[in-house]
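Hi,

Here is the structure I promised to pass on.

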Amino acid sequence: MFKKILIANRGEIALRIIRTCKEMGISTVAVYSTADKDSLHVKFADEAVCIGPPPSPKSYLSMPNIIAAAEITNADAIHPGYGFLSENAIFSGMCKDHGIKFIGASAEMIDGMGDKANAKATMIAAGVPCVPGSEGLLKDLKDGHKVAKKIGYPVMLKATAGGGGRGMRLIWKDEDFEDAWHSARQESKAAFGNDAMYLEKFVEEPRHIEIQIVGDQYGKVCHLSERDCSIQRRHQKLLEEAPSPFADDDLRKRMGDAAIKAGEAINYEGVGTVEFLVDKHKNFFFMEMNVRIQVEHPVTEEVINFDLIKEQIKVAAGIPISGKNYFPSKHSMECRINAEDPFNDYRPNPGKIEVLHKPGGHGVRIDSHIYAGYTIPPHYDSMIAKLIVSAQTREECIVKMERALSEFTIEGIKTTIPLHLKLMKDPEFRAGNFTTKFMETFDINK
Ligand code: MV4
């Protein structure tokens, strides 16, 4: 087992990783920017190294600075958390070259799944259901037109380097294809330096349901059931839950089996997530694979009673997995609390937390790095807390979440707590009646 892990991240996830390391008897090294010198991850780690000024490119994204911090402190592994360098192939390779275990995917895996058309081709070959579309990349505009006609409108034009909706266009009719083609390519070129495109049939009003998997170094892959992440706004998830109110045992089993197939086909090592689009007939299609621990991992931890960070560290150290698939034995929901104003187009609202009261009680978990008197720096992600609530049924879970949200007091900054309170009262949400389009029509003032 590792003796010392450097956590190349900040905020709640750095704290989350430090907590499990402590329980496993592993020493921890925090890295921090000068903006984070008063952060809890710095206080709670055994050692801390300042890696630069506030802007991420000069600190949390600075590969040489982080590698140097690991060398100085003699860390034998680096945990990247999510975001920042967690899916950076160059950094993963750099760790390997320095003899430091990267607790995440290999450079080859990151590149292979990061190219969406390549990932899709791999999944088709593995027998994982995918949305009907072009055979690989489109050659040119003319080829695109031809393929779109053949698939039948509406179609989704996607950038192979894309993700998070960038370089993606929904096209309803042939006359609109050319403009969409040029603007999607331009956007993708600017964002990723790559403008290769592929096409898919548009799946209308889908749900976003993802399967958590874990694979070991010996080719074994298991699934840890699903999370429903359909409540999103502009490709930012707001609330996730497990199990999905839309999934039945049959769908859960079929999606779990498909996710295992996906993981085994690529010899996946570590914790990962296979994202699917699910249509109203309960057909599901591979969308993307995330080769990192995700923000919403706690809802899975709660419903299967399992420490995913511990599993991730064990697998990275070469310990084989149990070989058992897991199914949910209760209901769990996570509300992402962001320092944003939900009444003002979700404008970021960093600043000092003057008053803080965190909710508690049975089935209530908070993963957060905030404390009274803490100042949220403006340089990073606006998520300041994850409120995770668990109960025997979805109905009880919603009641408990509403109670916990009503106790949660944060003064000094605006947060998304009022949004979640409103969501808990929404009849369609309560009925489990929602797709990825839900937030487009949701009005916090009604
Ligand atoms: C789609 C789709 C409908 N049909 N593909 C959005 C981000 C990227 N990961 C893929 N996305 C979508 N791909 C086809 N063929 C709809 C979306 C989509 C979406 C997916 C999941 C969660 C929220 C979404 C919001 C808008 C569009």
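One term before the rest: I call a residue buried when its relative accessible area is under 20%. Also keep in mind that this is a predicted model.

By that cut-off, glutamate 241 and arginine 394 are both buried. Their side chains meet in a salt bridge, with 2.7 Å from N to O. The two come from distant parts of the chain, 153 residues apart: glutamate 241 sits in strand S11 (residues 236-242) and arginine 394 in helix H12 (residues 394-407).

There's another buried pair in glutamate 200 and lysine 120. Here the salt bridge is 3.0 Å, N to O. It links strand S8 (residues 197-201), which holds glutamate 200, to helix H6 (residues 116-126), which holds lysine 120, and the two residues are 80 apart in the chain.

Then look at glutamate 296 and arginine 336, whose closest N and O atoms are 3.1 Å apart in a salt bridge. Glutamate 296 is in the loop between strand S13 (284-290) and helix H10 (297-304), while arginine 336 is in strand S14 (residues 331-338), 40 residues away. Glutamate 296 has a relative accessible area of 1%, so it counts as buried. Arginine 336 is at 9%, so that one is buried as well. Both belong to a network of salt bridges that links Glu210, Arg227, Lys237, Glu240, Glu296, Glu334 and Arg336. Over the whole structure, the search finds 36 salt bridges.

Now the domains. The chain splits into domain 1 (4-103), domain 2 (132-201) and domain 3 (207-441). The C-alpha centres of domain 1 and domain 3 are 23 Å apart, and the contact between these two takes 33 residues from domain 1 and 29 residues from domain 3. About 2,300 Å² is buried between them, with carbon and sulfur atoms giving 60% of that area.

What holds charges together across that interface? The rule finds five salt bridges between domain 1 and domain 3. Separately, glutamate 87 and arginine 292 meet through their side chains in a salt bridge of 2.4 Å, N to O. The interface of domain 1 and domain 3 also has 13 residue pairs in polar contact.

On the side of domain 1 that touches domain 3, helix H1 (11-24) and helix H2 (40-44) are the elements that give two or more residues. H1 gives the most, with ten residues. By class, that side of domain 1 has 14 nonpolar, ten polar and nine charged residues.

Cheers

Note on methods: Residues are numbered from 1 along each chain as its sequence is written. This is a predicted model: local features need pLDDT of at least 70, side-chain atom pairs count only at pLDDT 80 or more; totals for chains, interfaces and linings use all residues. Side-chain values use heavy atoms; hydrogens and water are left out. Domain bounds come from an automatic or database domain assignment. Contact means heavy atoms within 4.5 Å. Buried area is the accessible area (1.4 Å probe) that two parts lose on being put together, summed over both. A salt bridge is a side-chain nitrogen of Lys or Arg within 4 Å of a carboxyl oxygen of Asp or Glu. A polar contact is a pair of N or O atoms within 3.5 Å; within protein, one must be able to donate a hydrogen and the other to accept it, and residues adjacent in sequence count only if both atoms are side-chain atoms. Helices (H or I, at least four residues) and strands (E, at least two) are DSSP runs, numbered from the N terminus. Ala, Val, Leu, Ile, Met, Phe, Trp, Tyr, Cys and Pro count as nonpolar, Asp, Glu, Lys and Arg as charged, and the others, Gly among them, as polar. Buried means under 20% relative accessible area, exposed over 50%, partly exposed in between (1.4 Å probe, protein chains only).
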